[in-house]
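I opened my notebook next to the model and jotted down what I looked up. Here are the entries, in the order I made them.

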Amino acid sequence: MKIKKIIVSIVTVVTVALGLLVFFSEPWQTVHLPAKPSLPEKVSLLDGEKLKDEGYVRWIGRTEYSEGQVYCYYTATGFKVKFTGTELKVTFNATNTESDKNRPYFITSVDNETAPEGKSFSLTENTQTVTVAENLSDGTHTVTVLKRSEPENSLTSVKKIETDGEFNAPEKHTGLKFQILGGSGISGHGCLGSAGEEWTTANSSSLNGFGYLAAKRFGAETQFVSNSGMGLLWSYRGVENLSAAYNATGLIAEYNNNGSTKSVKATGEWNHSNWIPDAVIVNIGGNDWNSHISPLSGTARITAETQFKNAVKDLLTRIHNLYPDAKVVWTCNSTRSGSGALANEAVGELEFKNSIRLVAIDETKDGADNHAGAATQIANAKTVADAITSSFGLEQIV
């Protein structure tokens with residue numbers, strides 16, 4: 001009897017021991033304490049790969065990241081950031097900064113400002129850090145920096161963006177998008193100057209030109225493909241024509257020893273699916289007419305006019321195939337003479353002509369270098385915007 005009790009006790013102890021062994025050896029019984037959550041990274045400096053991060057910066061226009069910087073080729077190209085802090089500094093790289101006539105100009109717009117509202121500044125050094133916004137209230141702000149000069153004047157890029165606080169995610173643009181194509185007229189060449197003055201980048205601004213101002217009336221974001229002297233087929237000063245530039249990310253100029261323009265050539269291949277416009281404003285043909293078509297006569301003149309009309313149809317067909325829903329406004333000094341008449345004929349031959357509107361604008365030369373001044377640019381912006389509204393039903397907010 002005593003032996004039986006001992007055996008039972010031994011069996012009980014062994015059973016309990018085996019149970020405990022199984023219990024503690026089962027992996028599902030392992031208890032892991034939750035890891036301490038990490039705090040989001042506070043970023044006050046955007047350089048290198050961070051310049052490409054859409055969580056910190058929204059680039060406007062056709063830009064290209066290369067070698068640790070973002071190239072802003074065309075006019076009206078730049079960026080928007082949102083940050084908590086009191087100031088914003090930007091480090092630029094640029095060419096032609098020593099030239100009083102060609103140095104690049106930008107505009108900074110803060111919070112509720114929209115260019116051309118804001119502070120204008122130029123670059124006077126090849127590498128320069130500019131405090132684009134300062135003495136702001138301690139809080140969250142949005143700053144937009146846009147280039148107002150043209151690609152021919154200077155090759156510009158952004159190397160670094162920094163704040164005394166921290167960057168936040170910028171709001172995405174949810175409104176309309178307008179693509180702006182053309183030469184000097186739509187690029188604001190001399191529009192801040194007066195009749196009789198010579199042209200400089202100081203008295204020029206695409207952000208005061210009728211294309212940008214028309215888009216602003218709709219609250220639209222813009223993308224420019226333009227440069228003074230540009231033609232659809234035939235340009236001045238070796239400037240790449242629009243037919244070729246339309247597929248390029250930007251333009252880069254080369255200069256002669258005396259500083260004059262040698263050429264302005266396309267660079268990079270633009271991915272058209274990156275940005276889909278709702279409307280396209282075109283102002284092209286005057287340079288083709290003056291530099292090539294008008295001096296010709298006879299068969300040569302007829303051939304050149306046919307080439308120009310075919311180029312108009314080709315460009316508009318490309319735009320239509322890329323952006324079937326986009327509406328196009330083709331602006332010119334007259335729809336009855338010159339390049340405007342040729343464009344009018346070409347549009348009439350297109351199956352999708354109902355998505356295109358030709359608009360004659362004021363050709364008053366009240367600005368510098370025999371170009372439209374500020375008052376004419378504002379009037380033309382309204383003319384174009386009203387044509388877009390009446391023809392296509394897009395609503396203006398201004």
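**Entry 1: helix α5 against α6**

I began with two helices: the axes of α5 and α6 cross at roughly 160 degrees and come within 11 Å. Axes here are lines fitted to C-alpha atoms, for helices over the stretch in contact, with angles from 0 to 180 degrees between N-to-C directions. That makes α5 roughly antiparallel to α6; the classes are under 35 degrees for roughly parallel, over 145 for roughly antiparallel, 65 to 115 for roughly perpendicular, and oblique for the rest.

Which residues meet here? From α5 I listed Asp288, Trp289, His292 and Ile293, and from α6 Arg301, Ala304, Glu305 and Phe308. Contact means heavy atoms within 4.5 Å. I sorted the residues of this α5 and α6 contact into 4 nonpolar, 1 polar and 3 charged. Nonpolar covers Ala, Val, Leu, Ile, Met, Phe, Trp, Tyr, Cys and Pro, charged covers Asp, Glu, Lys and Arg, and the others, Gly among them, are polar.

A note on method: this is a predicted model, where local features need pLDDT of at least 70 and side-chain atom pairs count only at pLDDT 80 or more, while totals for chains, interfaces and linings use all residues. Residues are numbered from 1 along each chain as its sequence is written, and side-chain values use heavy atoms, with hydrogens and water left out.

**Entry 2: what sits on α5, and α6 with α7**

Next I checked which residues of helix α5 (residues 286-293) are buried, and found Asn287, Asp288, Trp289 and Ile293. Buried means under 20% relative accessible area, exposed over 50%, and partly exposed in between (1.4 Å probe, protein chains only). The cover over these α5 residues includes α6 and α7.

I then turned to α6 (residues 298-322) and α7 (residues 338-348), whose axes come within 9 Å and cross at roughly 55 degrees. That makes α6 oblique to α7. On the α6 side of the contact I wrote down Glu305, Phe308, Lys309, Val312, Lys313 and Leu316; on the α7 side, Ser339, Leu342, Ala343, Glu345, Ala346 and Val347. The α6 and α7 contact residues split into 7 nonpolar, 1 polar and 4 charged.

**Entry 3: Ser226**

Is Ser226 buried or exposed? Ser226 is buried because its relative accessible area is 0%. I placed Ser226 in strand β14 (residues 221-226). Its side chain has a polar contact of 2.9 Å with the side chain of Ser187. A polar contact is a pair of N or O atoms within 3.5 Å; within protein, one must be able to donate a hydrogen and the other to accept it, and residues adjacent in sequence count only if both atoms are side-chain atoms.

**Entry 4: Thr163**

I found Thr163 in strand β11 (residues 156-163). Thr163 counts as buried, at 11% relative accessibility. The Thr163 side chain reaches the backbone oxygen of Glu87 at 2.9 Å, and a polar contact of 3.4 Å joins it to the side chain of Asp164.

**Entry 5: the whole protein**

Last, I counted 8 helices and 19 strands in the protein. Helices (H or I, at least four residues) and strands (E, at least two) are DSSP runs, numbered from the N terminus. Of the 398 residues, 49% are buried.
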